[in-house]
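Hi everyone, thanks for coming. Let me put the model up on the screen, and then I'll walk you through a few places in it.

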Amino acid sequence: MKYDLIVVGGGPGGLMAAKTAAEDGLKVVLIERKRNITEINRACLSAFYIHKVSTSIEVAEGTTNSDGYIDPVSVELLPDKCRFHFPVPGFSLDYEGSYTPYYHWIEVSPSLHLIHRHKPNDKFWAIFYQKEVLLAGLLASAQKAGAEILSETMGLGAENTPDGVKVRVRGKSGDQTLEARTAIAADGLQSIIAESLGLNKDRKVMSPPYKILDYEMEGVETDLTRCSLLWITIPSINPTENIGIGPKAEGRVSIFVMTAGTLSPSTVMEKFMKYPTFAPWFRNARVVKKTAAGVTPGLRTPIREPVAGNVVIIGDAGAPVETWIQGAVASGYMAVKAIEKELGGQKGYPEYIDWWQKAFAFNAPDYFKMVGGHYPLPSLCSDEELDYLYSLFEGRVGNSVGLVANNLELIKDKRPELYQKLTKGMRRYT
Ligand SMILES: Cc1cc2nc3c(=O)[nH]c(=O)nc-3n(C[C@H](O)[C@H](O)[C@H](O)COP(=O)(O)OP(=O)(O)OC[C@H]3O[C@@H](n4cnc5c(N)ncnc54)[C@H](O)[C@@H]3O)c2cc1C
């Protein structure tokens, strides 16, 4: 066989897999449909979420973001770079781009009542980093270690053979079939490789489809966006989801608008920029770049056993919606270690499956209930009602849905109609 491993997809997961395999001496080829592999053309806020941390870093207490990778990770801020630590798989990655710590995660109501998801203090809970710089570092390491990289090459499907795997690809010089002893599907949310192996057959769709548009903007005038992730909820302009804002490099911000159903993110964005509370933020603002998140078909149950014959699934290719960058990288590393064991005659795949099932929040039994409960408030309240609820919990630490669900009695006498609506509407999620 010409190759030990074919990696399909050059996102964070695939690049980490190619780097790890090549550094360990495997003959590896990575195929990626994009011409410029490190260019980001799918919306991503690029936050590195810290859950449990090495002794050198203090992390904010409070609600952690719980929809992705849950193994402990930490970030070490060095004078000239960051080092991401992954103690459970057991590797670290250096990153030399710019970064911004997130000290706050704030939920914002239409009239600017604030609920803090973390205790406001000087500890950070995530950092924003430049995904393209991380990808460039992984690509350079993979190439240096001898991985062959085929850009502008599309994976069309994979097929197991008695002694390996065949992957059909379409590249600059036409169609061909690559053969290897093993393969990794790292081709993201809409994985063609997972589909071709029949791994999506038993997956259930758990939410309506949604659209995401990310606006990178400069000149947004508000102090609130400094070192904060903002979750802005305005039921009258987006009853389906919230609007997220986070910092980007060079003082810019990323505003990502998510909508479900027929509502379009650009309509929501237009109305948001004219909404009286927020219009002053945009007096001198300019859109630098717009990035969509592609077709996002709705949350699907994950692939529970992400190995089919000689093919291992990593990252978003097996997830309901996202493993996060850190989960994609970790699964790329773990998949290669499993493959190396198998190639050496030992059992590696059961360990990988076991790790996958424990390392991601989306494999927990009540995950979909939790996600379903994230955004019921805008669909149940008016702008004024949401302002009222947020004002009740201003200064408290928690998430709006949890605070409201656990304190419904507080509003029973003062706002009986709202109480009725919420009691009925939130029962689905609690
Ligand atoms: C709006 C939004 C915000 C997000 N914010 C964050 C965040 O703050 N922090 C975080 O950690 N994560 C975030 N994520 C999630 C993160 O972007 C993904 O989880 C992560 O990039 C997954 O990596 P991956 O390598 O599995 O897949 P991807 O990054 O999707 O990479 C897949 C690669 O495969 C290529 N490809 C696809 N099909 C083929 C094919 N058939 N043949 C060849 N190549 C192919 C694609 O071009 C792409 O390069 C966010 C996602 C969204 C949508």
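**Around Asp4**

Let's begin with Asp4: setting aside neighbours within four places in sequence, it is in contact (heavy atoms within 4.5 Å) with Leu26, Lys27, Ala180, Arg181, Thr182 and Leu343. Before I go on, a word on the source: this is a predicted model, where local features need pLDDT of at least 70 and side-chain atom pairs count only at pLDDT 80 or more, while totals for chains, interfaces and linings use all residues. Residues are numbered from 1 along each chain as its sequence is written, and side-chain values use heavy atoms, with hydrogens and water left out.

Asp4 sits in strand 1, residues 3-8; helices (H or I, at least four residues) and strands (E, at least two) are DSSP runs numbered from the N terminus. Is Asp4 buried or exposed? Its relative accessibility is 10%, so it counts as buried; buried means under 20% relative accessible area, exposed over 50%, and partly exposed in between, using a 1.4 Å probe and protein chains only. A polar atom of the Asp4 side chain also lies 2.7 Å from the backbone nitrogen of Lys27.

Seven strands form an open sheet in the order 9-8-16-17-18-15-19, with mixed pairing; two strands pair if DSSP finds at least two bridges between them. At the edges are strand 9 (114-116) and strand 19 (286-292), each pairing on one side only. Strand 16 (residues 228-232) and strand 17 (residues 243-247) run antiparallel and are joined by three bridges. In one of them, Ile232 has Ile243 of strand 17 as its bridge partner. Helix 4 (residues 265-274) packs on this sheet, touching strand 15 (210-218), strand 16, strand 17 and strand 18 (253-260).

On to helix 5, residues 324-343. At 1.5 Å a residue, its 20 residues should span 28 Å, and its end C-alpha atoms are 28 Å apart, which agrees; the expected span is 1.5 Å times one less than the number of residues. Of those 20 residues, 15 are buried. Just after the helix, Gly345 takes a positive phi of about 90°.

Finally, the ligand. Which polar side-chain atom lies 2.7 Å from a ligand oxygen atom? That one belongs to Glu32. A backbone N or O atom of Trp324 lies 3.1 Å from an oxygen atom of the ligand, and a polar backbone atom of Pro12 is 3.4 Å from a ligand oxygen.

Notes: Axes fitted to C-alpha atoms, helices over the stretch in contact; angles between N-to-C directions. Polar contact = N/O pair within 3.5 Å; in protein donor to acceptor, adjacent residues only side chain to side chain.
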